[in-house]
Amino acid sequence: MSKQEQLQQLLGELKAALPELKEIIVASSDGLPVAQLGESEIATRLAAMAATAHGLGKRIATTTHLGNLVEIVIRGDQAYFIAYAIGDKGILGLTTPAGSNLGLVRLEAQEYARKLAGIL
Amino acid sequence: MEPLKIVITGPVGAGKSTLIRTLSETEVVDTDAIATEAIGKPTTTVALDHGTLRLDGHLLHLFGTPGQERFDFMWEILAEGALGILLMVRADRPETLPVARNILDFIKSRAPVPYVVGVTHLDQPKVWQPEEVALFLGTPLEHTQGLDPRRPEEAVRPLVRLLELIGTNA
């Protein structure tokens with residue numbers, strides 16, 4: 001299986017575990033889209049924004065002595081955007097509706113970020 | 001002392017982050033991430049750079065943008081409230097000049113403020129001279145300067161010029 005197929009398969013598994021997820025993207029650390037599940041027209045933009053949010057989040061974490069960055073959460077009144085580092089080469093970003101079980105989303109997303117790190 | 005917000009922008013690899021690191025008197029906030037494209041360097045700015053500099057009685061806040069067009073939302077965010085723009089371009093990559101012009105047009109449409117152009121990498125073979133860059137961008141030659149962003153005395157020159165322009169504008 002190609003790297004792309006393996007990534008796509010993992011995103012499919014994550015979506016199966018958390019059907020309420022709307023967008024799932026894998027971005028490179030410098031904001032290029034690598035894999036996606038969801039609306040293709042926003043995936044490219046979301047990949048760049050995920051890299052920006054993550055890069056800035058890392059800086060805020062070090063500047064304010066939070067330790068290492070664990071996750072980025074952006075909360076709207078209708079949904080969340082959540083992002084995790086995939087090693088140091090990429091970022092997993094996803095959106096999930098406001099009523100989601102955030103604890104479960106976090107557990108699964110972090111687990112898949114680890115799995116994705118083995119492929120990227 | 002009224003702080004002045006200056007945006008440092010331009011295509012990838014022009015030396016924006018380097019210039020801010022060279023000039024800033026406070027700890028620089030940078031947001032480097034590993035580059036996965038062949039851009040001639042291992043890392044690239046994904047959000048912003050920030051540094052400060054006192055110059056001619058003004059406190060300058062220098063905000064550097066990412067260079068790639070996919071980060072154009074950051075150009076918009078960082079242009080907010082800017083009083084001057086330093087556009088940096090590489091003399092040895094004339095193919096990036098159209099991108100430079102796009103960035104300049106984009107930011108000027110949001111912040112119609114004075115700008116100057118800094119031309120870097122002039123020590124490379126086969127370069128465009130500052131006069132040619134000025135002609136291409138339609139910028140007055142006196143607002144276009146060659147510089148090495150690693151040298152403080154050169155890096156500061158376009159900002160001195162920019163302050164003059166902001167002063168006559170105000």
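Biologist: What makes the place of A:Gly93 a strand?

Modeller: A:Gly93 sits in S5 of chain A, residues 90-97; strands here are DSSP runs of E, at least two residues, and they are numbered from the N terminus. This is a predicted model, where local features need pLDDT of at least 70, side-chain atom pairs count only at pLDDT 80 or more, and totals for chains, interfaces and linings use all residues. Residues are numbered from 1 along each chain as its sequence is written, chains are lettered from A and ligands numbered from 1 in the order written, and side-chain values use heavy atoms, without hydrogens or water.

Biologist: Why is A:Gly93 called buried?

Modeller: Buried means under 20% relative accessible area, with exposed over 50% and partly exposed in between (1.4 Å probe, protein chains only). A:Gly93 has 0%, so buried it is.

Biologist: Which residues is A:Gly93 in contact with, beyond its neighbours within four places in sequence?

Modeller: Contact means heavy atoms within 4.5 Å, and the list is A:Glu23, A:Ile24, A:Ile25, A:Phe81, A:Ile82 and A:Ala83. A:Ile25 is 68 residues away in sequence, yet the C-alphas are 5.2 Å apart.

Biologist: How do you know that S4(A) and S5(A) pair?

Modeller: Pairing takes at least two DSSP bridges, and these antiparallel strands have eight. A:Ala83 stands opposite A:Gly93 there.

How values were computed: Helices (H or I, at least four residues) and strands (E, at least two) are DSSP runs, numbered from the N terminus.
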